[in-house]
Amino acid sequence: MTNASALPAAAPWIVLKFGGTSVSTPQRWATIRALAASRRAEGARVLLVVSALSGVTDALKALCGLADVGARAAAAADIAARHRDLLRALGLDRLPALDAHLAELAALATAAEHDYAWQAAVQSMGELLSSTLGAAALSAQGLATAWLDARSCLLATPLPNQNERTRRLSASVECNADTALAARLAACGEVLITQGFIARDQAGRTVLLGRGGSDTSAAYFGALLAAARVEIWTDVAGMFSANPRQVPDARLLTRLDYEEAQEIATTGAKVLHPRSLSPLRDPRVPLLIKDTQRPELDGTVIGPEAASDAPSVKAISARKGITLIAMESVGMWQQVGFLADVFALFKQHGLSVDLIGSAETNVTVSLDPSENLLDSDAIAALAADLARVCRVKVIAPCAAVTLVGRGMRAMLHRLSTVLAEFGQVKVHLISQSSNNLNLTFVVDEATVDALLPRLHDLLLRAGALRAGDRALFGPSWQALYGAATAAPPPPWWREPAARARLLAIAAEATPRYVYHLPTLRERARALQALTAVDRWYYAIKANPHPALLAALAAEGFGLECVSPGELAAAERAAPQAARLFTPNFAPRADYAAALAADVPVTLDALHPLLHWGELFRDRELILRLDLGRGLGHHEKVRTGGAGSKFGLPVSDLDLFLRRAEALGARVTGLHAHLGSGILDPRHWAQVCGELASLADRIGTVAFLDVGGGLGVPAAEGEPALDLAALDAALLEVKRAYPHYALWMEPGRYLVAEAGVLLARVTQIKHKEGVAYLGADAGMNSLIRPALYDARHAIVNLTRPDDRADTLYQVVGPICESGDVLGSDRRLPAAAEGDVLLIADAGAYGASMASHYNLRKPAAETVLS
Ligand code: LLP
């Protein structure tokens, strides 16, 4: 194959960087060839910057540490063999340039001198070898590729604070666009390959660029050549909104500006070295991160312009190993020079300070291990010196949790639920960066692994991380790289026939709830198929519509009620169905009425037994316990642990049992419901195990009710609750406790997806860069977004085929700023009268509606 015709002198450069795994196999070199050829076909000159084969830099470092000359020679021979193997695998048998470099390595390995200059020379061999192999491999595949010595282009700049070691092994290069260099390289060929990680000093000797050196090299070349762009090809599609290993739901960041990307790289993302952005900032060269294995994925583009003016949290990260130094001085306030004195000590100990918090008598600073060599000796020595000027407290190990995004100060109102989560852990320090790009919380290190996924989830739900905005965010890591799960079937309302029917219903009147009984039955049967559960009750608070109650009763469900009103509704709609009464802080008369109707009653406090004992004499009782923790999609739906009014604390269990025994009452069931919207299938088995071991202590218990709370996915692509895993986990506990029957009482799972809310567009308004789409349904019909930041998918039913290219705040007609049905939704440009569908509105929609503002809530229609 031949290259396309010669390029004009002014043809732009594209710099592509490939890391160690991307250059280690013939298949990967075929990919590099294809990418380089396609950039060349764009009319660009191509500069490839490569790392050493994977593992080779580490092997060279290890070689430098070997004392025995024979061992060093053997290590060099191993490295030579790896390169000769790859040469053969590439179908090439002799390569004099490679032999020359291998001879140089062999000579270095046995040299007598072992200073830093020698270490730099040895470690530079990895890139010299890989680039030499690459030039031959690409040329042999028909893409003429010239080899370029990076040291002839990159000249290290001496910096004032450098010592011999950092001058040789962690050098920096100052880069300005250099047209003479660009012309010289253009004369070498159209496709060039060079080394990452290495440069020369003023005496012409080899120096290294330190950690992340190949990314930095690519950036230096990008700046020198004023390239059209720099592409970093790696093993993941780009930067994510959190570390995907901790948060599989982390979203791909499709567009960032330099400052945001810098902040994310500095606070923990490993995919890009933080040093590789600053060279590109002034010449405004965009940087693209792409996955070598999956080039079709979008990747992250980092450039001079922000993709959107609206503030959003872009990422949350955690850095571990942080040490806090708290310094107390009684007379510190306005004491001239106190800070100068303490910071002089940090300087003297060679420690660089990260975050600072100050008060009248206290200054607390953090030390980050990636910036400092932090060992206990260094800290102890610093603390001893500080103790001469103030009282010192060292707090470690800590972790710094950082939210990154432009305009952080304009987003505080969206962070209330996120901040509430910090109520569960000890926060030692809060710091807000003066560039308004980050907000950092320092907490105990042990808490951070559990905290991070929860915070990410809350950021999504609060709309602080505007994942719905496709201009900023891509799919989740789970969706891109997670184990492939079968795509869920499309919702019932996506069928063209259903859509036509819904539009006809909307034409009669809006707002309107529409319930689809076939979907309800399907969910009911899926639950009835679980073999571990002996009895199902439907928590009718989710939706007490009589048609739904009758349909579920026909599927074998009992009805769980929490008020006399619900008991009556259940009796009316499905007189044959078993009922349960599970109230909370209800008046005495409610219990009396339920007992009179022979409905099993659940108690969750001592008060009824202590004060209305006669009511329960000789009765069977269900006891709801608080297992000490809550769970669920939002703080307001967690029904356990400190701060929740539900359940009898286990510490009161013995007292409760003694009191019940004195009345001749027997506890025949134990109950726990920890919250709503739970997607972890192991949750109910854990509750079951805890209840079972308590039941064994009681002796009269026949069944365990492990509550409801079965979640449905809030966002498209979020995996559904795994019912098979739920069944398996429950069966395992039942094998250990076969003597108890198992009951469950879901609400949302049965009805949420069966219901939609139809609304009509009333008005459209543009204000300060925000487009508002008004609907005739408001928070008086569906309060979940306002109350819990709940996310409901919204579609414009009138325009199913239009491109969703307009970002809207979808709002209702109620006089409250919280009257929002959906934030940051990309929808087709809408017009007055369009019909909107708000999905998954069958649970806690109509049942929580009100007449606020004296507006009628949406009426209800049932499709059978
Ligand atoms: N059992 C008990 C004792 C409950 O308190 C509840 C719900 C359930 C069962 C049913 O939970 P489900 O399976 O529906 O999650 N309005 C909130 C949900 C509040 C749930 C209250 N209790 C929402 O819209 O998310």
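**Helix packing and ligand surroundings**

Reply: In this predicted model, Leu517, Leu520 and Ala524 of helix H17 are in contact with Ala547, Leu548, Ala551 and Leu552 of helix H18.

Me: Into which classes do the residues of the contact of H17 with H18 divide?

Reply: The residues from H17 are Leu517, Leu520 and Ala524, and those from H18 are Ala547, Leu548, Ala551 and Leu552. Leu and Ala both count as nonpolar. The contact therefore has no polar and no charged residues, but 7 nonpolar.

Me: At what angle do H17 and H18 pack?

Reply: Two packed helices are described by the angle between their axes and the distance between the axes. H17 covers residues 517-528 and H18 covers residues 546-554. H17 passes H18 in a right-handed crossing. Their axes are 10 Å apart, and the angle is about 35 degrees.

Me: Which residues are the closest to the ligand?

Reply: The ligand is surrounded by 20 residues. By class, this shell comprises 7 nonpolar, 7 polar and 6 charged residues. The closest are Ser676, Gly709, Glu745, Arg784 and Tyr844.

Me: How far does a polar side-chain atom of His633 lie from an oxygen atom of the ligand?

Reply: A polar contact requires a pair of N or O atoms within 3.5 Å. For Arg784, a polar side-chain atom lies 2.5 Å from a ligand oxygen atom, and an N or O atom in the side chain of Tyr844 is also 2.5 Å from an oxygen atom of the ligand. For His633, the distance is 2.7 Å.

Me: What percentage of the accessible area of the ligand does the protein cover?

Reply: On its own, the ligand has 580 Å² of accessible area. Of this area, the protein covers 92%.

How values were computed. Residues are numbered from 1 along each chain as its sequence is written. This is a predicted model: local features need pLDDT of at least 70, side-chain atom pairs count only at pLDDT 80 or more; totals for chains, interfaces and linings use all residues. Side-chain values use heavy atoms; hydrogens and water are left out. Axes are lines fitted to C-alpha atoms, for helices over the stretch in contact, and angles run from 0 to 180 degrees between N-to-C directions. Helices (H or I, at least four residues) and strands (E, at least two) are DSSP runs, numbered from the N terminus. A crossing is left-handed if the near helix is turned anticlockwise from the far one by less than a right angle, and right-handed if clockwise. Contact means heavy atoms within 4.5 Å. A residue is near a molecule or strand if one of its heavy atoms lies within 4 Å of it. A polar contact is a pair of N or O atoms within 3.5 Å; within protein, one must be able to donate a hydrogen and the other to accept it, and residues adjacent in sequence count only if both atoms are side-chain atoms. Accessible areas come from the Shrake-Rupley method with a 1.4 Å probe; for residues, only the protein chains shown count as cover.
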